Every structure is written in C-alpha cells, then in structure tokens.
Amino acid sequence: GAMLTGALEAAAGGSSTCARRGDGSVWCWGDNHRGQLGDGTTVKRPNPTRLTALSASAIEQVAVGASSACARGTDGRLWCWGGNETGRLGDGTTIDRLSPVAVTALGTQVAEVVLRNDPVCARLTTGGLWCWGKNANGGVGDGTTRDRVSPVRITGLGTSVVGLSAGEGHACAQRADGTLWCWGRNDWGELGDGTTWDRTTPV
C-alpha cells in the first residue's frame, strides 16, 4: 500500500481516518459509504486519498467522527463532509455530502473543532462557542432537544472558552478561568455534576 509521509496530525473515526500533512493537504482512507472520505465518491479506500476539494485551503486541523469529518483552515474557515442525517455538517441541511461543504455560518473565525458523532462544536477566535447536530440529549447545549442543522451560539459560556472535547451525545468546554463545563447526555454521570440527568445547557 501507499505510505503517507509528512503527516503532522491524524484523526480516526468510526471506520475511517484522515491525516493532515505539513503542506496543508488532507488525506483520508477507510470506509466511505456516507462520503466520509470527502473524495466525491462512496468508494472505500485502503490507501490515503487526497481531498482535492480542499487543495485551495491550507488545513490546520482535522477531526473525524463516526461517519463524518471536518477540517479547519489557517484562514479560520471550517469545512465538513460525510453523513448528515442529524445536521452534523452544519450546512443547514440533512443531506449527506460526498465532498467538503463550508460551514458558512461561522465565517473565518474558527479556532478549534471537535466531533465524535454528535454534537459537533467549534470554538471561535473570539472565545465564543457554537454547536450543532443531534440534540436528543441536549448535546448541542442550547437549552433545547431539537436537532440543529446550523451552528447555534452557546451563550451560557460567554467568550472565554479556550478548549473543547466531545463524546457520544455530550460535550465539555474549558474556560480561561480554569473551570470545566459539560452538557448533554449523562446516563453514566459523564458530565461530572453528581447526577445522571441529561443537561441541555452547560453545568
């Protein structure tokens, strides 16, 4: 098989993997039945395949979920592709995308993106937090349980978010003051608030 050299970062998802090279290119391989390799097809790839649709942007971060992926450019723009039945691509639809689509609602200020399955969250350079996707357990953090096909601002955390993490139906954010806030699914107490109650806003 082909060997990928010059990789600076790798992100593994449910059945696919993507890597970012030092030249800013993104390469993906593995399962592709939902378009999660972003190459315009649904053909599985045992060897790394370059995402030519992103060749005009230097990519600084890749994140891969169960059937979708996102990439953040040095220009602060966010691109996502793959499975979209819950709106996790943030493009305002629930249509699977075989090639990257821009999350235009976030403009050019994305500093970090996290996804595992749902929710998907992005931290902006302004310190604000936006999330979207499946929301049955409150994982989006907007106080509702309605799926969100476009990013929504998580107002309860202000503009001091410096770090993010996402799980299966829940997410956590670190603020500049060192406090940690979590929300969403809490069946096993994964939110760390001493309960097993789902939380639709950060606690």
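What handedness does the link of C70 and C80 have, given the angle about the S-S bond? The link of C70 and C80 is right-handed, with 105° about the S-S bond. The structure here is a predicted model, in which local features need pLDDT of at least 70 and side-chain atom pairs count only at pLDDT 80 or more, while totals for chains, interfaces and linings use all residues. Residues are numbered from 1 along each chain as its sequence is written, and side-chain values use heavy atoms, with hydrogens and water left out.

Back to that first link. The sulfur atoms of C70 and C80 sit 2.1 Å apart and form a disulfide, a term that covers any pair of cysteine sulfur atoms within 2.5 Å. C70 belongs to strand β6 (residues 68–73) and C80 to strand β7, so the pair ties together parts that are 10 residues apart in sequence. Strands here are DSSP runs (E, at least two residues), numbered from the N terminus. C70 has a relative accessible area of 1% and is therefore buried, and C80, at 0%, is buried as well. Buried stands for under 20% relative accessible area, exposed for over 50%, and partly exposed for what lies in between (1.4 Å probe, protein chains only).

Searching the whole structure turns up 4 disulfides. With the bonded cysteines numbered in sequence order, they pair up as 1-2, 3-4, 5-6, 7-8. One of them joins C18 to C28, at an S to S distance of 2.0 Å. This link of C18 and C28 is right-handed too, with 105° about the S-S bond. Since C18 is in strand β2 (residues 16–21) and C28 in strand β3 (residues 26–30), the pair ties together parts that are 10 residues apart in sequence. C18 has 0% relative accessibility and so counts as buried; C28 is likewise buried, its relative accessible area being 0%.

Another disulfide is formed by C172 and C182, with the sulfur atoms 2.1 Å apart. Its torsion about the S-S bond is about 105°, so the disulfide is right-handed. The pair ties together parts that are 10 residues apart in sequence, because C172 lies in strand β14 and C182 in strand β15. Both cysteines are buried: C172 has a relative accessible area of 14%, and C182 has 5%.

Strands β13 and β14 (residues 170–175) run antiparallel and are joined by 5 bridges. Two strands count as paired if DSSP finds at least two bridges between them. A166 has A171 in β14 as its bridge partner.

Strand β10 (residues 120–124) is mostly covered, with 5 of its 5 residues buried. In a regular strand, side chains alternate between the two faces of the sheet. On β10 both faces are covered: V120, A122 and L124 are buried on one side, and C121 and R123 on the other. V114 has C121 in β10 as its bridge partner, and β9 and β10 form a hairpin with 4 residues between them. Strand β11 (residues 129–133) also pairs with β10 in the antiparallel sense, over 4 bridges, and R123 has L129 in β11 as its bridge partner. The hairpin of β10 and β11 has 4 residues between the strands, and there G127 takes a positive phi near 90°.

What about R88? This arginine lies in the loop between β7 (78–82) and β8 (97–102). R88 has a relative accessible area of 2%, so it is buried. Its side chain makes a polar contact with the side chain of S67 at 3.3 Å; a polar contact is a pair of N or O atoms within 3.5 Å, where, within protein, one must be able to donate a hydrogen and the other to accept it, and residues adjacent in sequence count only if both atoms are side-chain atoms. Leaving aside residues up to four places away in sequence, R88 touches S67, S68, G83, N117, D118, V120, W132 and G133, where contact means heavy atoms within 4.5 Å.
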